[in-house]
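Please open the structure in your viewer and keep the sequence beside it, so that each selection can be made as you read. The tour moves from one stop to the next.

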Amino acid sequence: MEGGAYGAGKAGAEMDLISFLKQPHTILRIFNGIFSIVVFASIMNKGYVNFGDGTLLCVFNKNESACNYGITIGIIAFFACIIFIILDLYFPQISSVKDRKYAVLLELGFSGLWTFLWFVGFCLLANQWQVTSVKIPFKQSADTARAAIAFSFFSILGWAGLTLKAWQRYSLGADTSLFSHDHLDAGHPPFSSGSEIENTDNFQSPPFAENLDTTSRGYQMPSY
């Protein structure tokens, strides 16, 4: 396996936990996990208002879709952060360059998708809260709603950062593989074409061949 493929060294190298935790994409995953917890926990905890008759309505303009959307993408984002952290821990042990490529592409696609979904969620929550009449009993959940909206926006930035880091790792891996391939090809001389075949007319006889031939010609059989 080529060393340094897709942002990691050769397989089997010892992992430094401190260096791993200091990596930008690891830090972003941790923060994104925290942001997602704030969003879905806030909505689940105080995002529904009881009107006294046992009916719970979403604080975002009584729109159940808005609350369900925020909870869903928040929970999935949280578990995705955990899964990708585990994948990052295992990533240096992957010996196949192709498998590393697929792992980085998976991260790139998921991060890009969740950047878009968080943007949609931010717009949805902000719009629904804007048209909500902040009166009792909605007033008591105003801080919760604002927190969900704010951390939805922070999540957009966090997942956009992960998308950028994944793209950089993919670009680095592609360049490394290409360089290694060219380097290996350069170690073997190209196949000679027919025009480059040596001329056999310039072949010289082995040394002393002429002397041996002359001696053999002057040799006479002895008479008995």
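Begin by selecting helix 3 (residues 64-90) and helix 4 (residues 97-130), whose axes come within 10 Å and cross at roughly 155 degrees. Two packed helices are described by the angle between their axes and the distance between the axes. Here an axis is a line fitted to C-alpha atoms, for helices over the stretch in contact, and the angle, from 0 to 180 degrees, is taken between N-to-C directions. Helix 3 and helix 4 are therefore roughly antiparallel to each other, a label for angles over 145 degrees, whereas under 35 counts as roughly parallel, 65 to 115 as roughly perpendicular and the rest as oblique. The crossing of helix 3 over helix 4 is left-handed, meaning that the near helix is turned anticlockwise from the far one by less than a right angle.

The model is predicted, with local features needing pLDDT of at least 70 and side-chain atom pairs counting only at pLDDT 80 or more, while totals for chains, interfaces and linings use all residues. Residues are numbered from 1 along each chain as its sequence is written, and side-chain values use heavy atoms, with hydrogens and water left out. Helices (H or I, at least four residues) and strands (E, at least two) are DSSP runs, numbered from the N terminus.

Next, select Asn-61 and then Lys-62, which both sit in the loop between strand 2 and helix 3. Asn-61 has a positive phi of about 55 degrees although it is not a glycine, and Lys-62, also a residue other than glycine, has a positive phi near 60 degrees. Asn-61 counts as partly exposed because its relative accessibility is 34%, where buried means under 20%, exposed over 50% and partly exposed in between, with a 1.4 Å probe and protein chains only. Lys-62 is likewise partly exposed, at 45%.

Now move to Arg-169 in helix 5 (residues 142-186). Is Arg-169 buried or exposed? With 11% relative accessibility, Arg-169 counts as buried.

For the last stop, select Leu-17, Leu-21, Ile-27, Ile-30, Phe-31, Ile-34 and Leu-89, which form a nonpolar patch on the surface. Helix 2 gives the most to this patch, with 4 residues. Phe-31 lies in helix 2, and Phe-31 counts as partly exposed at 45% relative accessibility.

How values were computed:
Patch = residues over 30% accessible without salt bridge, like charges linked within 9 Å, V, L, I, M, F, W, Y side chains within 5 Å. Areas by Shrake-Rupley, 256 points an atom, 1.4 Å probe, with all protein chains shown as cover. Salt bridge = Lys/Arg side-chain N within 4 Å of Asp/Glu carboxyl O.
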